[in-house]
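Subject: Structure handover

Hello,

Here is the structure I said I would pass on. My notes on it follow below the files.

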Amino acid sequence: MAAPELLSDEGYRADGRRPAELRKIRARMGVFAQADGSAYIEQGNTKALAVVYGPHEMRGSRSKALPDRALVNCQYSVATFGTSERRRRPRGDRQTGELALQLQQTFEAAILTQLHPRSQIDIYVQILQADGGNYCAGVNAATLAVMDAGIPMRDYVCACSAGLAEDTPLADLSSPEEAAGGPRLVLALLPASGQIALLQLSARLHQERLETVLEAAGQACRALHAVLDRVVRERLREVTALLGD
Amino acid sequence: MPMLRTEKVLLLRGQQGRSVRVVREHYLRPDVPCRCALCRAACPRDGKLLSDDVTHYVVPDCKVVQDYLEILEFPELKGIIFMQTACQAVQHQKGRRQYNQLRNLVKDARHDCIVFANEFHQHSYLPREKGESMEKWQTRSIYNAAVWYYNHCLGQMPVVMVTEDEDAISQYGNETEGVFVISFKNYLDNFWPDLKAAHELFDSILQAQRERESESQENNGKEYPEHLPVEILEAGIKSGRYIQGILHVSKHRAQLEALVRLQGFGSKETELQSDILIYGARARNRAIHGDVVAVELLPLQEWKGRTVALCENETEDKAPADTASDPMPTGKVVGIIQKNWRDYVVTFPSKEDSQSQGRSAQKILVIPLDYRIPKIRISTQQAEALQDYRVVVHIDSWESTSVYPNGHFVRVLGRIGDLEGEIAAILVENSICVAPFSEIQMSEMPVSSSKNPWKVNPEEEKKRLDLRDTHLIFSIDPQGCEDVDDALSVRTLPNGNLELGVHIADVTHFVAANSYTDVEARARATTYYLVDRRYDMLPSVLSADICSLLSGVDRYAVSVLWELEKESYDMLRVCYNKTIIRSAYKLVYEAAQGLLDGDTNVVGDILELKNLDERTRQKKLAELVWAISKLTDIARHLRAKRDSCGALELEGVEIQVQLDDKHKIYGLIPKQPLEVQDTVAECMILANHWVAKKISENFPHQALLRQHPPPRQEFFTRLRECASAKGFSIDTRSNKTLAESLDKANDPLDPIVNKLLRSMATQAMSNALYFSTGSCPEKEFHHYGLALEKYTHFTSPIRRYADIVVHRLLTAATLNETKGDVKDYVFSNKDLQELCRHINNRKRAAQRAQKQSTKLFWCMYFKDTTTETEERCIADGVIYSIRTNGVLVFVPRYGIKGAAYVKNKEGLVISCQGDRSCEWKPGSLHRFQNKITSTTTTGESVTLSLFDHITVKIHVQTSRCHADTIKLEIIRNTPYQTSDTEVSQHFHVVKSDLAEEVSQSAEAAQHAQEKAGVEVIDEDYREYCQTKGASLYQLLEEIKDLALLDVSADIRT
């Protein structure tokens, strides 16, 4: 069977988007009262929840504590009901472990960890519904949650994926597009400085194409940044209004 | 841009076969462009627009698009809006092939039709309601979109929706003013009552459909096993259980034998080098010649051998088992991966036969022209009327319950045996479409007439390098050549070095990328040459005038200039330029050769030197002679260099027809090519080679080059065997050793032996192919025949599309160095590879068509022999292959190859009388490696061995349903003795006789038919204008197919 057509001759993707368009994003910060920070994000049908505790003293073995900066501890899981067929184990397999590590790397780069030596920051991300770009949604949710917790960061971390249909780069892949088997590039960007926190490429991609795909992913990240920024400001307005009362 | 987000819930089949609920997003937007020229809203207007000068727009629904796409392809039908809903239905239900057909239709700028993405527009999208059937929802969506479209155009244009759904017609028919819902039949009746072809096609499709339905109800006993589902085939191919390949049906035993040529050697099947035999119709399981199939191998004890005896394409099988060769891998088809059906030319069986078919006169088995295609069952009431015509049919389906495939009648081509009809049949069989150029294409052409000749544009003049005054440029072509696309120059530079220049017509300046002319040229891909006519790739205003480098006029050109060291001719520098040139002389080969040989008689033939006073003439002549001899010198040098790397010189017997101004034949190009032809060819090869280097450096992944892969050694076996019969040994290890040993294999008494050996060597070669550099590793770029590491086609942009692409690439490559934007000129690797495939296919089709038309002419020539012309049918022949019941013979006088039987159908064998003339007698045959002996019951015996000269009689075997074939009959086993002295003369005149005579007799036949005596056939009926480069360089490239006319066995299959 031939792979499904990613981009029609008229320039539409299977779900009606143009190549560079993102899926609909909805986000909310401060969804849990108990945690220090929390956020919920929907990117299309992908839904992610992130919760942040900390910075707090090291739990468990104190020997892990770092003398000059805070330890970022991440956990990533997909809810058992998150996929179209029920999963057995929400975490603990190789893939989620790997994604947790990547999250940790991303946020170690973004959070100003040297401000909190010998302490620990916990980030828990759970994907409630998986529909493509799970990791990206997780990163975006975690960014909002870290901000909600009031932990100083260098910048937002915005993550977005991009793929390729023939010669046209596609931004923000949905799950059927990911399943089509083309190359997939995941980019986590600090938009203000343009620094890359994480770049991952699965499947082979010709060297000459890399630049265009990377450009498309960067563009998508900057668009995402605009959206996230609006959410944060909105939240700030709410909170200050509450304080004002 | 605000988008509305909705969700669709789909039920899909999950991995374990359970149904799974899947939610997919679906975005709606307000900004879907309507692509209509009438639109007043702010829709973007880029790309193809629906024209506003039609009476209505028509919106076909899913069913109509699926079933009647062929009718919608008629260019007369305009203003068609394909709704996305309908396109998706085609994609899901009819498969990729038909969907691509639809896509190409929409992409084609010449058809007035568009796709409207109705499902993505927020006002024209309707969600599917609970419990609503798919079909109902599709019809509803399409109707809703049609209404939206009508309103969007502010009611300026009525919209007609055509559907086959009766309910929809009654439900929606009167709902909205200006939007009509009618059935497709109704639509054709009301709007296109005069388009007869469409009506006929409609009836024929409808009937085929009904039959299929009734048949599936009957479902009586299966004739063939079912095909396996695609997933199983794929898994099977991956695991190595099934093998994928292309089915090639044997030409001579079409009923029984077919071979599957393997495709994409996987790691597991490397031990299986040879092709796989498919024996019998049941094992072939409904696959048709050219299909990509999956094959399962049979167990070893069921393997069979191929038949090696000559046979005459009998419909019934009479092959005795003892003629089979060694068993080879045998398999059966388990599934068809890709169908490769096209339109087929067929003939109705004669009246007597059709009656015997019995039960209903409605269904008729028609016989395709191509032996390899099975009979096709069609239903038509016109069988009587179409008795004597060649017609085109289309295969619709082949159910497992039916012995033959079902099809429908498409159109009539012409009478059987009529020249025009037969040529139309050749064109259809090779999928060549040659409508005259349309007005819109012609309107893109620059104007040039004899009164108002085309002139150089002063602005363009500034941009180009001007060579008009500095260079002595001239062209050398065959006699009567109209499209001069190359010219040469050579001069001494101030520093003493030489400068060699090759100047090629700048066609791309006049043919913009993606213009209508470009689209048309791409579709044609090459100029088609048939024996008595040609179909141009570009309009003649370009090919014969503005792009033709005639002498004495200014022309745009693309020039490649080399600086050569004066003594050693080493390349010092090369540059590529857009130039303006004025050719000084348009020479013919003979004249140029004359100048080279110092023959002063030819000077009078050179038009450009007339009307000059003696002194200037001498001066100019001296200049020209110097240039030609210098060129020849350089060419010899280049050739020697290439020879040392192993370039091959191969033999192709081709007789070229030459014409005068009125297109009358007056001569033939001598068979021994003149040296000056080699000179021109060598310069062209040099130019092609350097351009290939340049573009592949600049575009390492998307340059168009030409490769000639080295041949597979096992194909040389026959050549080695034949050569050893004469005591020569052929070393085929590399192109160099092959070239050397072929040179040595020369029998001084019989020059034909060497010729035959060379032609066998060419048969063993694979074809040279165009390819995109991004699609294969660099070590495969090599050109085996020319012994060059990179090669392309650059020098004939007037008659090959590949050259146009290369010109654009070269332009882009030179632009690349100055400024950035080269997008317009360059294809992506994938598109280019696709284009190369297309050009290769078209080129092959062109060669096949040329071969078939030559054969047609030969047959017509030999058919109307009377007693007085009997003599021309008897000729000398050379045996070049031995089979179990006959020999293959080459007739040098006509350049024909054919089979001659030693044992006839009654089982009698040949024997010789005292005067060595032959007769049929009862007896037996013995076949040896290099000879065949027939022994009669009375004890006389005759032995025929390889390369024996015999006398054969040529006669034509006529056939109603197929093309006529030439048969040879051995009448004496001694060389042919000509009574008269005109042997050599005969040799040359023959082909001109042939074409002339055939067209005359065709003319006579036409006249008889139209008694009124209207002068139908005028000059251009016999327009030949064959200006195919008559050089060795040409032969080298197209050698394989242009080689000997092979009417007998295909050597490799």
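Please keep in mind that this is a predicted model.

I began with one residue, B:S853. In chain B, helix α23, which covers residues 829-863, contains B:S853. The relative accessibility of B:S853 is 0%, so the residue is classed as buried. Apart from neighbours within four places in sequence, the residues that B:S853 contacts are B:I426, B:L530 and B:V531.

The rest concerns the interface between the two chains. About 2,500 Å² is buried between chain B and chain A, and carbon and sulfur atoms account for 43% of that area. Chain A puts 28 residues into the contact and chain B puts in 31 residues.

As for specific interactions, there are 3 salt bridges between chain B and chain A. A salt bridge joins the side chains of B:K830 and A:E166, with an N to O distance of 3.1 Å.

Several elements of chain B supply at least two residues each to the side that touches chain A: the strands β1 (4-13) and β2 (19-28), and the helices α3 (95-107) and α8 (230-239). The largest share is that of β2(B), with 7 residues. By residue type, this side of chain B has 13 charged, 11 nonpolar and 7 polar residues.

Regards

How values were computed:
Residues numbered from 1 in each chain as written. Chains lettered and ligands numbered in written order. Predicted model: local features only at pLDDT ≥ 70, side-chain atom pairs only at ≥ 80, totals over all residues. Heavy atoms only, no water. Helix = DSSP H or I, 4+ residues; strand = E, 2+ residues; numbered from the N terminus. Buried < 20%, exposed > 50% of the residue type's maximum accessible area, 1.4 Å probe, protein only. Contact = heavy atoms within 4.5 Å. Buried area = accessible area lost by both parts, 1.4 Å probe. Salt bridge = Lys/Arg side-chain N within 4 Å of Asp/Glu carboxyl O. Nonpolar A, V, L, I, M, F, W, Y, C, P; charged D, E, K, R; others polar.
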